[in-house]
Amino acid sequence: MTEKLYDNDSYLSEFNCKVIDLYSDEAKIYIETDRTAFFPEGGGQTSDRGWLNNIYVENVQIIDGRILHFVENSEENVKKLQKGMSICGKIDLKKRFSDMQQHSGEHIFSGIVNSLFGFNNVGFHLGTEIVTLDFDGVLNEADICKVENLVNKAIWDNLEIKILFPDKAELENIKYRSKIEIEGQIRLVEIPGIDMCACCAPHVKRTGEIGIVEVVNFEKYKGGTRVSILCGERALFDIRHKLNENRRVSVLTCAKQGETAAAVERLKNENEKLKYDIVGLNRNILMSKAESIGEQNRIIIFDEMLQGKLLSDFTISLMPKAMEFVAAFCGENGSYRYCIASNNVNLRPLSKSLNEAFSGRGGGKPEIIQGSLSGNEDEIRGFLKTYCTE
Ligand SMILES: [Zn+2]
């Protein structure tokens, strides 16, 4: 049984240990040691990374009750490792500290949600980026704001986080949160006045080390609420990135940094109006173009201005001038939307042939067909000019 050095000292980054077993498969060597400071993956949190005798440990897992350190199976690594040898371990303290900031922040958040609303944390994921917490009750924006304020208040109060190993008798008098029934010795993480929770992960010593907790998002999830948070350095980087984005929007819109949303909304509205105006102008241009077209057997038009509903309106307006049919196309790079209309010809067979010839989709009534296809303009024109309508 490996001694878990992280149980009592979250900040221990270097340690000596003995290899008590090791085995390998094609990809990895799995190393079991008599003691370790590496926190294995579990409870929604990724494992520590680091080094055993300068060999990179990429993952640590509990498999069949054994803590196994995963390293790459290479000739060089095989030579360096033997059962029974003493080695030194070193964990990536930067990742560990970031994980501790997130995890301790999560306990405060979940503890406050539990005491204010009675909801339980029923899902927790601490990845390399975002941290998600799932609660079995619905939290609205005001609730989230209130919790976020109180969590940060608990951080500024710089409370001592205590690790307890109560015996059975002591445990009976302690109220604590726990996701699962735990057999054997229970490890409790206490944040005085805020939370008491069964947990085996490393935590910061004082809440002040968390720095800040930022709620990045919240959404309804499985009848409850999924809250995404970031703590400490991750929150700092996230807020900095978003401030930089906002600064750019502020410069681009000539709006104050605190008033960018209104400026973007104004631009969006202006843009929509301009688009509407352009459609109106295009319609006028296209309709006068339609007027200038004389009577023909087959009218075939390619025009990029035939956007949206203009395509069918334009086509229909030309119907009286086409003895056989009028075909209009809008698109670019060989990809077109089409509308074909006729007062005299059943267009359904044409639709089928056209779709077959140009990998098209679409259809319609005998007098009007619409769809999309791929091909080049000359080939499409050629096809339509020589198509037999009889
Ligand atoms: Zn925990």
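Met1 sits in the segment before β1 (3–4). The model is predicted. Met1 is exposed, because its relative accessible area is 85%, over the 50% cut-off. Met1 and Lys222 lie 221 residues apart in sequence. Their C-alpha atoms are 39 Å apart in space.

Now turn to the largest pocket. About 940 Å³ of space lies in this pocket. Its lining draws on domain 1 (3–91) and on domain 2 (97–245), so the pocket lies between the two. The lining counts 38 residues. Nearest the centre of the pocket are Gly43, Ile180, Ala198, Cys199 and Cys200.

Which elements each supply at least two residues of this lining? They are β8 (66–72), α2 (93–117), β10 (121–126) and β14 (195–198). Helix α2 gives the largest share, four residues.

Cys199 leads on to the metal site. Which atoms coordinate the zinc ion? The donors are NE2 of His103, NE2 of His107 and SG of Cys199. Their distances to the zinc ion run from 2.1 to 2.3 Å. Along the sequence, the donor residues follow the spacing H-x3-H-x91-C. His107 belongs to helix α2, while Cys199 is in the loop between β14 and β15 (213–221). These two residues are 92 apart, and the pair links distant parts of the chain.

The cut-off for buried is under 20%.

Aromatic contacts come next. A pair of rings is described by the distance of the centres and the angle of the planes. A search of the whole structure gives 13 aromatic pairs. One of them joins Tyr30 and Phe70. Their ring centres are 4.8 Å apart and their planes meet at 85°, so this pair is edge-to-face. The angle cut-off for that class is over 60 degrees. Tyr30 lies in strand β3 (residues 28–33) and Phe70 in strand β8, so the pair ties together parts 40 residues apart in sequence. Tyr30 counts as buried because its relative accessibility is 11%. Phe70 is buried too, at 11%. Strand β8, which holds Phe70, also supplies at least two residues of the pocket lining.

A second pair has another geometry. Phe302 and Phe329 are stacked, with 4.5 Å from centre to centre and 10° between the planes. For stacked rings, the planes must be under 30 degrees apart. Phe302 is in strand β17 (residues 296–302), and Phe329 is in strand β18 (residues 322–332). This pair also links distant parts of the chain, 27 residues apart. Phe302 has a relative accessible area of 14%, so it is buried. Phe329 is at 0% and therefore counts as buried.

Which residues do ring pairs link into a cluster? The members are Phe302, Phe329, Tyr336 and Tyr338. The stacked Phe302 and Phe329 pair belongs to this cluster.

Key. Residues numbered from 1 in each chain as written. Predicted model: local features only at pLDDT ≥ 70, side-chain atom pairs only at ≥ 80, totals over all residues. Heavy atoms only, no water. 1 Å grid on protein atoms, 1.4 Å probe; cavity = no way out; pocket = protein on both sides within 12 Å on 5 of 7 lines; lining within 4 Å. Points joined across faces, edges and corners; volume = space filled by probe spheres on them. Domains from an automatic or database assignment. Donors = N, O, S within 2.8 Å, 3.2 Å for Na, K, Ca; no water. Phe/Tyr/Trp six-rings, centres within 6.5 Å; stacked < 30°, edge-to-face > 60°. Buried < 20%, exposed > 50% of the residue type's maximum accessible area, 1.4 Å probe, protein only.
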